[in-house]
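Here are a few notes to read with the model open beside you. Take the points one at a time and find each residue as you go.

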Amino acid sequence: MTAREQWDSDADDAGALWWRWAVIYQIYPRSFADSDSDGVGDLRGIIGKLDYLADTLGVDAIWCGPLYRSPQVDFGYDISDHTDIDPVFGTLEDFDALIAAAHQRGLKVIVDFVPNHTSAEHPWFAESRSSRTAAKRDWYVWADSAPGGGPPSNWTSEQGGSTWEFDETTGQWYLHSFNRAQPDVNWRCPQLRKAMLGVLRFWLDRGVDGFRIDALHMIAKDPGLTDNPVRENAEPNPTDRQHPDFDSQWHVHDRMHPDLHDHIREIRALLAEHSARTGQERIAIGEIEAMPWESWVSFLGDGGTHFNFNFNFVETPWEPAALRAGVEEQEAALPAGAWPNYVLSNHDRPRLATRNGSRSVRIAAMLLLTLRGTPTLYYGDELGLADLPIPEEKWLDPLGRDQARATMPWTSRGNGGFDSGPADAAPWLPVSDEYLRLSVQSQLTEPDSVLNLYRRLLALRRSEPALRHGAFRALDLRAEQCMGYLRSTRRQELAVLLNFGDADTTVGLPGRGRVLLSADVPSAVAEHALRQRFLVRGHSGLLVELDDVVPRQRDA
Ligand code: NOJ
Ligand code: MG
């Protein structure tokens, strides 16, 4: 079988490979929809918007950020009870209702699994820190001061400063790769591993379709606590709100320790066993920071993740050559049978409209939804939202990430339809006029809105096999400001043409075709003529269906 025939035969959209063809929509639960009007989004709010997601928009899966009981120091990534829902989001019954209502509409539900740390308020940690001989002492990472005093190693946390916190009660230091309110657990301890696998089992039994696994590259550390080498002349990355201290050292001893693959194998085995028993593939998605591709791909496979979030485009300059290189690098790095992924925004980074400017959003929509791989769409990006500017003194997240987490504008008045219950607390973040102007309600009535572009693209992903599973091949367009590529199966060949520049540009294709979709505003009268050269407007793009599958590419 040629590679291309393999792709065609893999086109089993509903079966074990559903996660390859699904478009995943990331919901930030605090900010999506607030059913009881206490100012914070919740599970019943999400349930009320499932028709929008499944039908109006047309995505296939939702990923809900952490819903578990938590003091919310890191807005849910600090879990104090892994098997309960935080009251601010609702109850376990509400969660069951979400699963049932989503599944009824054919939507898969992915939830967060946070294996690297818990909240300092977790009962496991309370017991662990109580004495050096506590039964759960070994569930976390404790160490003595370095000879001569001070922290046990030079490791720095993701959020800056030492990764170690001294604990007076027992005179030892505990490890926290993130905030000091998030102590790292110890995956070398068999009881801890068993408890964490129990957490996965609990949510699998409630019907979740997969897990987005937080900070997966961090769960094993060097047991010898060797110092990390210092990184000379590191340049801070301005788009990287999440890691103010990321570049100060090479994290070779506290992240990416080879032993973590043993732990991932255990996680995957559990998912495989559950999938086999229920006949539904349950997936593991790795949240793995951008890093050399060799390390990133080492997480993939039958003993690893189904796919990893690829944050490459979040850090790549918004230029055709750089983006093309990013796609080709991922395509080249993936081992046989592995599957690509693309992310353009999430809850940790500035939104794409803020990073790349509002003129980038139409091209971004086309890129995200026409590349080969599972797209992850961040709530609100389908409206072209930029970050909500919040002055530093009002940040609720110490890193200012709340600017990319503003409440979803459903309507154009008041609180943007975020609240729908009887109480009337103000939303947890302010609502801006710009957000109200870009609301779902107003964009649905404008034919050329960004939302309607997303809807058209999502519909095409469902109807055109080449968009879901066709092979990718970059085109040399001889126009610097343009990026072009083909998506091909044996039966269908589509070309994507994107113009990042201001000037309209004419580009040629290897064969003749017809426009299937244009991102122009106002949308050009659909141009069905068969042609080989196409005018691509500035900051716009075209999706063209080629008349014939270009023969010389067939067996590439
Ligand atoms: C990655 C999450 O996306 C981020 O929001 C969180 O702060 C850290 N992991 C720690 O859990
Ligand atoms: Mg609420």
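1. Let us start with the ligand. The shell around ligand 1 holds seven charged, three polar and two nonpolar residues. In this grouping Ala, Val, Leu, Ile, Met, Phe, Trp, Tyr, Cys and Pro are nonpolar, Asp, Glu, Lys and Arg are charged, and the others, Gly among them, are polar. Twelve residues surround the ligand, and the closest are D74, R212, D214, H347 and D348; to be near, a residue needs a heavy atom within 4 Å.

2. A word on the source. This is a predicted model, in which local features need pLDDT of at least 70 and side-chain atom pairs count only at pLDDT 80 or more, while totals for chains, interfaces and linings use all residues. Residues are numbered from 1 along each chain as its sequence is written, chains are lettered from A and ligands numbered from 1 in the order in which they are written, and side-chain values use heavy atoms, with hydrogens and water left out.

3. Which side chains come up to oxygen atoms of ligand 1? D348 has a side-chain N or O atom 2.4 Å from a ligand oxygen, H347 has one at 2.7 Å, and a polar side-chain atom of R212 lies 2.9 Å from a ligand oxygen. On its own, ligand 1 has 300 Å² of accessible area, and the protein covers 99% of this (Shrake-Rupley method, 1.4 Å probe).

4. Next, look at the sheet. Eight strands form an open sheet with parallel pairing, in the order β11-β10-β9-β5-β2-β1-β13-β12. The edge strands, β11 (307-308) and β12 (341-343), each pair on one side only. Strands here are DSSP E runs of at least two residues, and helices are H or I runs of at least four, numbered from the N terminus; two strands pair if DSSP finds at least two bridges between them.

5. Within that sheet, β9 (residues 210-213) and β10 (residues 283-286) pair over four bridges. F211 stands opposite A284 in β10.

6. Is S128 buried or exposed? S128, in helix α7 (residues 123-130), is buried because its relative accessible area is 0% (buried is under 20%, exposed over 50%, partly exposed in between; 1.4 Å probe, protein chains only). Beyond neighbours within four places in sequence, S128 contacts A134, K136, R137, Y140 and W142 (heavy atoms within 4.5 Å).

7. Finally, R44 in helix α4 (residues 43-48) is partly exposed, at 41%.

Methods: A polar contact is a pair of N or O atoms within 3.5 Å; within protein, one must be able to donate a hydrogen and the other to accept it, and residues adjacent in sequence count only if both atoms are side-chain atoms.
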